[in-house]
Amino acid sequence: MGLCREGRVKDAVELLAKGAHADPPAFYELAAACSNPKLLEELRKVHDFFLRSPFRSDLRVNNKLLEMYAKCAAMPHARRTFDNMPDRDMDSWHIMIDGYSVNGLGDEALRLFELMKECMAPTSQTYLLVLNACANSEAIEEALLYFDAMSRDHGIEPGVEHYVGIIEVLGKSGHLNEALEFIEKLPFEPNAMVWESLLNLARMNGDIDLEDRAEELLVSLDPSKANPKKLPTPPPKRRLGINMLDGRNKLVEYRLPPKIEKKVVNEQRYVPDTRYVLHDIDQEAKEQALLYHSERLAIAYGLISTPARTPLRIIKNLRICGDCHNAIKIMSRIVGRELIVRDNKRFHHFKDGKCSCGDYW
């Protein structure tokens, strides 16, 4: 549909509401245009119109709906769609397993994988997705069992990507020494993919020495991977932090707020982590600066303007800082609501004082 290609998804949905008819390719394009979390409401409307159509059993469209729900951090909607699909293929299972994993719900992904094995044999790609799910749920033992089962039970020889998957599982669980030992025992010479994985994991865990070592080995194999930040470059322009709160079928944009009063909830053990303030100012000013982060205001507004117990979805154009990450975990426990934050790296599902990323992002 031309409107979809022009980015006018809402106009296209309005045409359907006025009685326009759509065929499977049109429904596919409509769903594909709703990949942004702020278009979740439009995606649900497209899905409703699709279910009322004579094409509701179209497998390709149903799979696209699964994929878009996952991209919108709406896995409960994806699961209901999946459970009600009259037919499923390998892509259906892969989309769901990957969707759970990307949204930090690795345990759900592994449970779904066990169901999948009852009706179809996994492939090499399936095991890549499963290892990624293990990494997101710190399931080291399960990952090693699945890795062994690939060749033993299904005759699938592990590729470089599968070995890197195990490295990711170990590293994201904080076991960098074990990851390095695993690399040293690889049945092939470690390539750039291996060292780049270890580099990112070392950086994630704050191991500077291992990061430097991995970077040196990576650059020796692929000079294009040299870190440009280590070269003298002009200072980048400051990016303005923007948050979009998705609630009550409307979007509200938040930018840097005016000065606000500081209030620390001591009983919830929130202590400002001023390491994330890079300005050369005194301690009190640093604590005040942390309160300027717009995702906190977006959540505060959402809590007072949306029904109780409903999830909040925050879209952020910058990486969430560690202090806000800790603060939002505490908020989720206090208010008893799921707070979903999409930063420029991944989805964070905060619930009951925990985040789906396991504090690694």
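Reader: In which handedness of crossing does H11 pass H12?

Author: This is a predicted model in which local features need pLDDT of at least 70, side-chain atom pairs count only at pLDDT 80 or more, and totals for chains, interfaces and linings use all residues. Residues are numbered from 1 along each chain as its sequence is written, and side-chain values use heavy atoms, with hydrogens and water left out. Helices are DSSP runs (H or I, at least four residues) numbered from the N terminus, and a crossing is right-handed if the near helix is turned clockwise from the far one by less than a right angle. The way H11 passes H12 is right-handed.

Reader: How are H11 and H12 directed relative to each other, roughly parallel or roughly antiparallel?

Author: The axes, lines fitted to C-alpha atoms over the stretch in contact, with angles from 0 to 180 degrees between N-to-C directions, come within 7 Å for H11 (residues 160–172) and H12 (residues 176–184) and cross at roughly 160 degrees. Angles over 145 degrees count as roughly antiparallel, and therefore H11 and H12 are roughly antiparallel.

Reader: How many disulfides does the structure hold?

Author: A disulfide is a pair of cysteine sulfur atoms within 2.5 Å. For Cys72, the nearest cysteine sulfur, that of Cys34, is 7.0 Å away, and for Cys324 the nearest, that of Cys321, is 3.7 Å away. The number of disulfides in the structure is zero.

Reader: Is Cys324 buried or exposed?

Author: Buried means under 20% relative accessible area, and exposed over 50%, with a 1.4 Å probe and protein chains only. Cys324 has a relative accessible area of 0%, so Cys324 is buried.

How values were computed:
Helices (H or I, at least four residues) and strands (E, at least two) are DSSP runs, numbered from the N terminus. Angles under 35 degrees count as roughly parallel, over 145 as roughly antiparallel, 65 to 115 as roughly perpendicular and the rest as oblique.
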